[in-house]
There are 2 protein chains.
Amino acid sequence: MKLKISQKELLKHINIAQKAVSSRTTIQILEGILFIAEENCLRLVATDLELIVDTRANCEIYEKGQIVINSSMIGNIIRKLPDADIYIEVDDNNINIKCLSTEFNIQGQDSNEFPSLPYIDKDVKLTLEQSELRDSIRKTSFATSMDQTRPDLTGVLFNIMNDRIEFVALDGYRVSLDCLSNVSEFEMKAIVPARALNEVYKILEEGEITLNIITGNIIFKLENTDVYSRLIDGQYIDYNQVMKQDFSTVVTIEKRALQMALERASLMAKEDKANLVKLDFSGNELHISSNTDIGKVDEYVKCEIGGEDLRIAFNAKYLLDGLKVIDDDDITLNMSGSLRPMVFKPLNDTNYTYLVLPVKLAGGNND
Amino acid sequence: MKLKISQKELLKHINIAQKAVSSRTTIQILEGILFIAEENCLRLVATDLELIVDTRANCEIYEKGQIVINSSMIGNIIRKLPDADIYIEVDDNNINIKCLSTEFNIQGQDSNEFPSLPYIDKDVKLTLEQSELRDSIRKTSFATSMDQTRPDLTGVLFNIMNDRIEFVALDGYRVSLDCLSNVSEFEMKAIVPARALNEVYKILEEGEITLNIITGNIIFKLENTDVYSRLIDGQYIDYNQVMKQDFSTVVTIEKRALQMALERASLMAKEDKANLVKLDFSGNELHISSNTDIGKVDEYVKCEIGGEDLRIAFNAKYLLDGLKVIDDDDITLNMSGSLRPMVFKPLNDTNYTYLVLPVKLAGGNND
C-alpha cells in the first residue's frame, strides 16, 4: 500500500470514521480503522459491530493494499501534521507516514482480523434531503428510552407509508412524532437505534441522502460515506392509539415565554420530587408553580385559552425537551382533563407533534 | 434588606463572587455568598477560607441588611431571569426575588454564621497594569508544583525589589521567571498560591490593579472587586543560583516550528517513558526523535547553532509548557552540555526566562 493524500482530506475522513469507533470496546481490532487503498480512493472503515462507517477519501494511489491502524493514534498524528501532502507507505504491518520534515513509523494490524462488511442487497430505497432528515432526527431521537430491557423503545421508528414517513420516538412518558411527505413509494417499518441516528446526524450536510432498508439493516448513503446500522427487532407500540383524543382545553401560547418560565420553575423542582411543576390555565393566563424543600416559584405567562380552565401537573423536563426542538414562535397545547396527555403542536408546522403524560397529584384531581 | 438591581449587573457580580466558592467544601455556610446591602451598593462576599472575593454591584438600596444565599442556587436563578430589573426583599431569612412576571421565594442563612473579613492595614502597596499582571501570571503559574508536601513550590514568588518585580515559579524540574520593571518603591518577598492567581487571572480586565501586601495576606484591588489571598509561609529556593550558567551552545529557532515538531514527537512518547524526546543539535538543524513501544518519530527543524553541537534529552511536556506561553516568533535555546539545564529566552523579550532540567539517558552522555 502506497499513497499520497492531503492532510485536510485525510483528517476529514478520519473524523467521520471515528464516529463508529467505540472508546469502550474490549476487542482490540475494533479500536482501529481499516484503511483500504483501492483503484481511485482510500476507503476508511470503522465499526463497533452495531454501526459501520465506510467513507471514501480522494487521493493518489500508487499501490493498493489494506491495513488496520489504531484510531486515536492515527487521528492524533494526522491532526498535528501541517496542511500539506502526506505520503503513507505500508510494508508488512509497518506504516511509514511522511509529511514535509516529519516522519512517523508505527505498527498496524492485519486487515484480515477486521470484521468483514455485510453483503447487502439494495433494492428498497428512498431519497430524502439531508436537511430534512437532520431536522427529523433532532425532533425525535431525544425522546427514545435508555432502558435496554425495552429495546424497541431505544430506537426511532421509521414508519414508511406510500405518501410519507413518520418518525416516532417514545419512552413511556412522552411521544415525539415528525412527518415528511411525498418521499416514498413503498410501505415499511424499521426501528433505527438512536445511537446510529445521533452519529448520522453529525455527518449530515447539504444535498440528498439515500436510505436502503433491508432485513435487519439500514444504510444511510451520502456522497462519499455510507453508514450501516443494524435495525432493532420488535413490534413498535401502536402510537396512533395514544395520539387520538378529543381536546376540551386548547391553549395558544408564545413558545419562548413558556420555555423560559418552565426553565426557571424547574430550578426549584428537585430531582427527588420528579421535577414537578403545576400548570394552572385560567382566564388569559397560565400560572406555573413549583413548591419544594428549596423554595417556591410562581410564573405567569399570557396565553389564549379555548374551552375549559384546567389544572394539570408535569415533570418539567419532559415539557422542556419538547419545547427545545420546536422552532416556531407560537404553539398550541391541547388537553382533555388533568389525567390525560397534553399534546404540543407548533402553530404553523402540522408535521410535528409532541405528547406528554401528566403526573397525577395526591388528591386525584390535581387540586 | 430591600433593593432593586439590574439582572446583568447582579449576574456579573455573582459570577465574580463564585470564583471563591469551593464546590467541595464540607462547611455548608461556605457554599453561600454573603449579600450585604450597604448605603450605596450591594456587596457580594464569598470565601473558601483561603481566598476571599469581595465585589460591589451598583443598585438602589431601599433598606440595608445582610443575608447568605446558596451560591449555585442564586446563580442559576439570576442566570435564567430576563434582562430586566430584579427586586430583592429579605424578611428574616426568607428571600423574595421578583422580576417581571416571575417570583421566587427561597430560604437564606443567617449572615452571622459567615466568616468575618480579615482586618487588614493597607500600608504597603504597589500598582500594576492589569494586562501586565495577567501576562506574568500566565507565564509563571503553570510551572508551580502540585505537591502539597512542598507548599512553598505551590505558589508564585513575588520578589519585589526597588526597581522591579520578579515573578518566579518552579517545581523541581523547571523554572519560569517573568519580570516587570519600574513598578515598586520597596522590597518584599511574598509567595502567592497559584490557585488565587488563577482566579484573579479570570477577573482581570483593562486598567490598573493595586496590590496590598501585609503579613500573611495579599489583596488584589480592582475597581469594584477586592480579592484577598493568604500568602504561603516558607523560604523560597534561591533561584538565582540555578539561573546562572555559561552557555556552550546557543541556538536560535522559530518558536512555532519547534512547538509543532515537539507536539508531534510527544505523540509517540508514552507516559510510562517519561514523555522522553531526544534533541540533536548539529549543522544547521535540530533533529528531534522519540522511539517507544508505539512507534518512532523523526522531526527536523531548521535553526542557527552557535558553539558546540549537542545531544540532549527532555520530558517533552516541560519543553512544551514553556513554549506555549511565549508569544515571540523566535527564541534562543541556551545550553551547556547534556547534563545541565536548557534556558529558553524569547529573542526580543528580555523579561521572560524559562529553564528546564534535562533527562539523563542510560550511558551517561546521552549517546
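Predicted model: local features only at pLDDT ≥ 70, side-chain atom pairs only at ≥ 80, totals over all residues.

Biologist: Which residue forms a salt bridge with Lys4(A)?

Modeller: The partner of Lys4(A) is Glu60(A), with 3.8 Å between the closest N and O atoms. This pair links distant parts of the chain, 56 residues apart: Lys4(A) belongs to strand S1 (residues 2-6) of chain A and Glu60(A) to strand S5 (residues 60-63) of chain A.

Biologist: Is Glu60(A) buried or partly exposed?

Modeller: Buried requires a relative accessible area under 20%, and exposed requires over 50%. Glu60(A) has 40% and is therefore partly exposed.

Biologist: How do the two partners Glu38(A) and Arg43(A) read on that scale?

Modeller: They form a salt bridge whose closest N and O atoms are 2.7 Å apart. Glu38(A), at 26% relative accessibility, counts as partly exposed, whereas Arg43(A), at 15%, is buried.

Biologist: What is the setting of the salt bridge between Glu39(B) and Lys64(B)?

Modeller: Here the closest N and O atoms are 3.2 Å apart. The residues lie 25 apart in the chain, Glu39(B) in the loop between strands S2 (32-37) and S3 (41-47) of chain B, and Lys64(B) in the loop between strands S5 (60-63) and S6 (65-70) of chain B. Both Glu39(B) and Lys64(B) are exposed. Salt bridges may also share partners: Asp135(A), Arg138(A), Lys139(A), Asp327(A) and Asp349(A) are joined in this way into one network.

Biologist: Turning to sheets, in what order do the eight strands of the open sheet in chain A run?

Modeller: The order is S6-S2-S3-S4-S17-S16-S15-S10 (chain A), and the pairing is antiparallel. Strand S6 (65-70) and strand S10 (125-129) of chain A are the edge strands, each pairing on one side only. From one strand to the next, the twist averages 20 degrees.

Biologist: Which helices contact this sheet, and at what angle?

Modeller: Helix H2 (residues 71-80) of chain A packs on the sheet, touching strand S2 (32-37) and S6 of chain A, and its direction makes about 90 degrees with that of S6(A). Helix H3 (residues 130-140) of chain A lies across S10, strand S15 (208-214) and S16 of chain A, at about 90 degrees to S10(A).

Biologist: How many bridges join strands S16 and S17 of chain A?

Modeller: Strand S16 (residues 217-221) and strand S17 (residues 225-230) of chain A pair in the antiparallel sense over five bridges. In this pairing, Asn217(A) stands opposite Arg230(A) in S17(A).

Conventions: Residues numbered from 1 in each chain as written. Chains lettered and ligands numbered in written order. Heavy atoms only, no water. Pairing = 2+ DSSP bridges. Helix = DSSP H or I, 4+ residues; strand = E, 2+ residues; numbered from the N terminus. Axes fitted to C-alpha atoms, helices over the stretch in contact; angles between N-to-C directions. Contact = heavy atoms within 4.5 Å. Salt bridge = Lys/Arg side-chain N within 4 Å of Asp/Glu carboxyl O. Buried < 20%, exposed > 50% of the residue type's maximum accessible area, 1.4 Å probe, protein only.
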